[in-house]
Structure formats: structure tokens, C-alpha cells
Amino acid sequence: MEDTAAKILSLIKRRGLVFPSSEIYGGFGGFFDFGPLGTELKNNIKKTWWRALVQKRDDIVGLDSSIIMSPRIWEASGHTTEFSDPLSECKACHKRFRADHLMEKLRDSGELKKLGFTDEEVKDTADINQMAKVLASAKCPDCGGELAAPRKFNLMFRTFVGPVEDSASVAYLRPETAQGIFASYKNILDTQRVKLPFGIAQIGKAFRNEITPGNFIFRSREFEQMELEYFIKPGEDDKAFEYWTKERMRWYVEDLGLKEENLRFRPHRPDELAHYAKACVDVEYKFPWGWAEIEGIANRRDFDLGRHEKFSGTDLKYFDETDKSSYIPFVIEPSCGVERLFFAVLCDSFEEIQGGRTQTTEAVKEAETILRFTKNLAPVKVAVLPLLKNKPELVAKAKEIHETLKKLFMCRYDETGSIGRRYRRLDEVGVPYAVTVDFDTLQNNDVTLRDRDTMQQERVKIAELVGLLKEKFGC
Ligand code: ATP
């Protein structure tokens, strides 16, 4: 499985889907740039989410709030004091670790028992006092040195607003998009004539100064979140929570096209549940290195709006015309990260066929790679290829078709290399269809349309090509 991860990473690198940020300066840990195809894929994932949650629904509206907001927001939400991870540093090699991750590793490998701790003693691996006790007798996984007692490390990036760098000008890059939604909740309520139950959805950048970024883009310091805050009347929250867990799983399978067997729910244990949450379930994906969270769905009760009402002094209650009551709504929050979905989509669509599918002389010896993206996620939808590049009439016709198609679809024109090689290059980045212009085209005004998955080729009249492709892409 690790081998699959290495192959996917190599493909990502080779085809420039993602680059390490600042690579010419040696990279910058936990930051990434998305190349041309990566940008398309990322945008398509976001569009799929937006279409399902905003465009196709009457009860959810969109928002794009600012990244830097009043620092009071983070006091109200608890991030200034609580948004931290336990950090433990090796006294010898000075490598830093997430102490809770170290604890989990020690527990899962049976090391805790060897160190003399009972299950009961370390039931809560996230408890800082238990961490301190255990890590005092554990060793640095890298050099075997002594580990310092864990301390809390706040994950928010700090900056200063305005020309003076003092405590009064401290501000933060948002560590989640959700608080921007709560802060604009009243504006939406006052201007959009929304009625409970309703939701506010937002896609945007979030920043966390992760102690140990890793697993490629899975844990980065700058990433994008897609978050929904769905407001409901207190008492209707359990039903809404159940609805959203089902709806999100439906979205992953039907809209995003992930394989059902690679997805599962993991309800939070009572000891890991955030103090404000009534319930929380993670959606996990089976990555090549194991199951890991791609989305968290939480019943956050009235915690956030209640705190913002208290800290801002602004009345955030909802007046319910049905029974003339006033209350702070409860909220259900499905929150996922674009980069984690990006990685999951790549893992899910990756396929390698030893010996290749096409039995041409070039292909027989090589393994063939296909990214079986769904049509709506594919970064490039159609490629247009002249059979030979040294035949001006074929090139001219192919360019003419490309000009027409690119107004409707993300298209690519490719004339270099043998046709077999070009097909394989396109399969490798998941282009669903290729249009080939050959000598018959010049006689009959038709082209070959090749399907990435079935490799079937059909002759299509040029006049019917746009209509047929629109049908295939459902647009
Ligand atoms: P983890 O436990 O993996 O650190 P989390 O529980 O802190 O994640 P949330 O605060 O619930 O994550 O954020 C919601 C979603 O945002 C996550 O499910 C994930 O998809 C994404 N996300 C969170 N942190 C990161 C990160 N450092 N890099 C990329 N995506 C992230």
C-alpha cells in the first residue's frame, strides 16, 4: 500500500499537479502550490461541493468572509486559549513531536504496557498530565533521547494589523472558516429573509501552524476548508445531525465519486468530544497509509452564537414566528478540507495496469497508469489530437475543432508523439475523451472519439461532436 502512495506521489510530481511551495529556495514546510492540472482538480472538487450544498438547495446560502478578522472573534470562539496541540521536544536532537500522536503510537504498538502503564492509566491519551507521566519514561522515536514534558502550543498564526507592532495590533490568520460564518450570521439573517432551518456555506483558506505537517498535503499549514453551518431550532438538532451525516456520505459516493468501501464514519469517543459539542463524527478515507479524517461533522449546539452574543454584546437570537419564541439556534457543522479530498480523489482514481492495456509495441513492456476521475472532476475534459503533426491539413482541422470545444470544455491540444503515447499521457491525467483527426476526417467530416475507460473508439460527425460531448458531460 505504501508503494501505491509512492506511485501516486511520483505521478503528482511528474505531471506537476502539486509542487512544494518555494521549491527553488529548498521548499517551505507545510506549504504547497497547485500546478495547472492540480488547480483544475481542486476547483472541480470545490464546484461539486458548492453545487450540492448551495446551488441545488433552497435552504443554504453562500458567504466569502475575510481571512483576518477582529481578534475578539477568536477570544469568543475559544481559539486564543484553547486551540492548541501538545508539543513535546527531544532534549537531545531537539526534534518536536505532537505529544498526543506519540501517545497513540505508543498505545497502538503495545509500548505503553512495556513501559509499565495499564490501559486504565492511559485511557485518555489526550490528557496532558498523563502525557507528561508517560513521556517522562518514553524515548525520542528518532534518536532515543529524553523527551521534555509536553506543553500546549497554539496553532494560530499571528500577525499585526497596521503600522505598529504591539499587543493592540495583534491579529490572526483564521484557523477555520466557520467563525467568519458565525460573525456574519446576523447580516445574513437581516438581509436574506432566511428562515430556520437554513445554512450558510463557505469555501476558503485556513491556516494552522501545525507542529508536524506531513503525509504530503494531508496535514499542511495553509489549506482550504469547505464548511457548512446549518442552523436549526434547539430540539431538532439530533434529527438534523443524523440527516447531515447521511447526506454527506451520499455526497462523497454519488457526487464526488469515491468508492464506498474506502469511506467510513468514526464517531468521537466521549473523552475526545470537544466540550461544546453534543455529538461529532469523522468521515474517514482509507488512504494508502491507513484510515484518516477527511471531514468532521459536529453538533455544536448554540455554543458559537451564544459566545459571540456574549462577547460582542449583539443580540443574536432568532425570532421564531411560528411560536413567537426567541432563541439562539443550534448548529450542525459538516467541515472538510479540500486538500484531503484532493488526495483522496487521486488515491481513489489511481490505477496501474502492468503490461499496459494497449498491445502496441511501445506499450507492452510499460505499466500503464490511469486516473479514473469522474467526468465532473477531470481537470481536462477533452483532448484534440491530429494523427500526424507533419500534415498541415490535419493540424489545421484539429486546431479548428479545438477552438470550438475550448469555449465549452477545459480542452487540450496535443500533437507530439505517437498516437498511442498521447493516449497514455492523457489516461495518466484522467482525460475522459480524446478526439482524433485523421485522413478520413478530411473526406467524411468525422473524427474518432476515444473513451478513456473503455478505450472504445467511435466515429462521430464533427457537426454532432459538441452535442454528443455535452450529453456525455451532462451539460
Ligand atoms: P486533525 O485531527 O486531522 O488535525 P481536525 O479535527 O483538527 O483535524 P477540523 O478542525 O475538524 O480538523 O477541520 C475540519 C477539516 O479541515 C478536517 O476534516 C480536514 O479535512 C481539514 N483540515 C484540518 N486541518 C488540516 C490541515 N492541517 N491540513 C489540511 N487539512 C486540514
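Modeller: Let's begin with contacts, meaning heavy atoms within 4.5 Å. Of the contacts in the chain with a separation of 6 or more, 65% are between residues 24 or more positions apart. Keep in mind that this is a predicted model, where local features need pLDDT of at least 70, side-chain atom pairs count only at pLDDT 80 or more, and totals for chains, interfaces and linings use all residues. Residues are numbered from 1 along each chain as its sequence is written, and side-chain values use heavy atoms, with hydrogens and water left out.

Colleague: How many helices and strands are there in the chain?

Modeller: Helices (H or I, at least four residues) and strands (E, at least two) are DSSP runs, numbered from the N terminus. This chain has 15 helices and 23 strands. Its C-alpha atoms fill a box of roughly 75 × 65 × 50 Å along the principal axes.

Colleague: And what share of the 475 residues in the chain is buried?

Modeller: Buried means under 20% relative accessible area, exposed means over 50%, and partly exposed is in between (1.4 Å probe, protein chains only). Here 49% of the 475 residues are buried.

Colleague: Can you show me buried residues on a helix?

Modeller: The general idea first: an α-helix has 3.6 residues a turn, so residues three or four places apart point the same way. In helix H10 (residues 303–312), the buried residues are Phe303, Asp304, Leu305, His308 and Glu309. Their cover includes helix H3 (71–77), helix H8 (178–192), S10 and strand S16 (330–337). Just after H10, glycine 313 has a positive phi of about 75°.

Colleague: Which residue other than glycine has a positive phi near 50°?

Modeller: That's asparagine 215. It sits in the loop between S9 and S10, and asparagine 215 is partly exposed, at 40% relative accessible area. Serine 22 isn't a glycine either, yet its phi is positive, about 55°. You'll find serine 22 in the loop between strand S1 (18–20) and strand S2 (32–34), partly exposed at 32%.

Colleague: Where is there a cis peptide bond?

Modeller: Look at omega: it is about -5° for the bond joining leucine 196 and proline 197, which is cis. Proline 197 is in the loop between H8 and S9.

Colleague: Now salt bridges. How many does the structure hold?

Modeller: The rule is a side-chain nitrogen of Lys or Arg within 4 Å of a carboxyl oxygen of Asp or Glu. By that rule, the structure holds 50 salt bridges. One of them pairs glutamate 321 with lysine 195, at 3.9 Å from N to O. This pair links distant parts of the chain, 126 residues apart: glutamate 321 is in the loop between strand S14 (318–320) and strand S15 (325–327), and lysine 195 is in the loop between H8 and S9. Lysine 195 is exposed at 54%, while glutamate 321 is partly exposed at 49%.

Colleague: What does arginine 372 pair with?

Modeller: Glutamate 351 forms a salt bridge with arginine 372, the closest N and O atoms being 2.6 Å apart. Glutamate 351 lies in strand S17 (residues 350–353) and arginine 372 in the loop between strand S18 (368–371) and S19, so the pair ties together parts 21 residues apart in sequence. Arginine 372 also meets aspartate 453 in a salt bridge, at 2.9 Å from N to O.

Colleague: How far is arginine 221 from the nearest side chain of opposite charge?

Modeller: For charge, Lys and Arg count as positive, Asp and Glu as negative, and His and the chain ends are not counted. Arginine 221 is buried yet has no salt bridge, and the nearest side chain of opposite charge, glutamate 210, is 7.3 Å away. The arginine 221 side chain does reach the backbone oxygen of glycine 29, at 2.9 Å. Arginine 221 lies in the loop between strand S9 (198–207) and strand S10 (222–232). Leaving aside neighbours within four places in sequence, its contacts include Gly30, Phe31, Phe157 and Pro213.

Note on methods:
Polar contact = N/O pair within 3.5 Å; in protein donor to acceptor, adjacent residues only side chain to side chain.
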